[in-house]
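Dear colleague,

Please find below the sequence and structure that I am handing over to you.

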Amino acid sequence: MKGRCIRRYSTESSEGNTYWHHVHSFTTLDGQNIEFKEDAVLLAQGDTMTVRYRPAPRTATIMGPAGPGRPSLEASSVS
């Protein structure tokens with residue numbers, strides 16, 4: 001499925017290290033909008049990517065050269 005990075009933000013640890021976080025969004029075949037967080041890659045807000053989504057168990061991950069390609073993160077619905 002085609003997804004998009006909808007939010008990118010950083011946090012700083014107490015040691016002064018900066019960590020980037022990314023929230024991605026895509027629409028399932030039945031029209032449900034899904035957002036999930038995956039921090040393994042550095043993308044700009046608005047970048048598109050291929051997402052692998054599995055409804056049971058509910059997982060989503062970035063595929064291809066932009067991501068690790070392993071469904072390790074739980075996707076969360078957006079109301």
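**Core and aromatic contacts**

The largest nonpolar core consists of ten residues: Cys-5, Phe-26, Ile-34, Phe-36, Leu-43, Met-49, Val-51, Tyr-53, Ala-60 and Ile-62. At least two residues of this core come from each of strand 3 (33–37), strand 4 (48–55) and strand 5 (58–63). Strand 4 is the greatest contributor, with three residues. Please note that this is a predicted model.

Two aromatic pairs were found. In one of them, the ring centres of Phe-26 and Phe-36 lie 6.0 Å apart with the planes at 70°, so the arrangement is edge-to-face. This pair connects distant parts of the chain, since Phe-26 belongs to strand 2 (residues 18–27) and Phe-36 to strand 3, ten residues apart. Phe-26 has a relative accessibility of 2% and therefore counts as buried; Phe-36 is likewise buried, with a relative accessible area of 2%. Together with Tyr-53, Phe-26 and Phe-36 form one aromatic cluster.

A further contact involves a charge and a ring: the charged end of Arg-8 sits over the ring of Trp-20, at 4.0 Å from the ring centre.

As to confidence, the average pLDDT of the protein is 80, and 77% of the residues score at least 70. In residues 69–79, however, the pLDDT falls below 50; this stretch has 32 contacts in the model beyond near neighbours in sequence.

With kind regards

How values were computed: Residues are numbered from 1 along each chain as its sequence is written. This is a predicted model: local features need pLDDT of at least 70, side-chain atom pairs count only at pLDDT 80 or more; totals for chains, interfaces and linings use all residues. Side-chain values use heavy atoms; hydrogens and water are left out. pLDDT is the predictor's confidence in each residue, from 0 to 100. Contact means heavy atoms within 4.5 Å. A nonpolar core is a set of buried Ala, Val, Leu, Ile, Met, Phe, Trp, Tyr and Cys residues joined through side-chain atoms within 4.5 Å. Buried means under 20% relative accessible area, exposed over 50%, partly exposed in between (1.4 Å probe, protein chains only). Helices (H or I, at least four residues) and strands (E, at least two) are DSSP runs, numbered from the N terminus. Rings of Phe, Tyr and Trp (its six-membered ring) pair if their centres lie within 6.5 Å; planes under 30 degrees apart count as stacked, over 60 as edge-to-face and the rest as tilted. A charge sits over a ring if NZ of Lys or CZ of Arg is within 6 Å of the ring centre and within 35 degrees of the ring normal.
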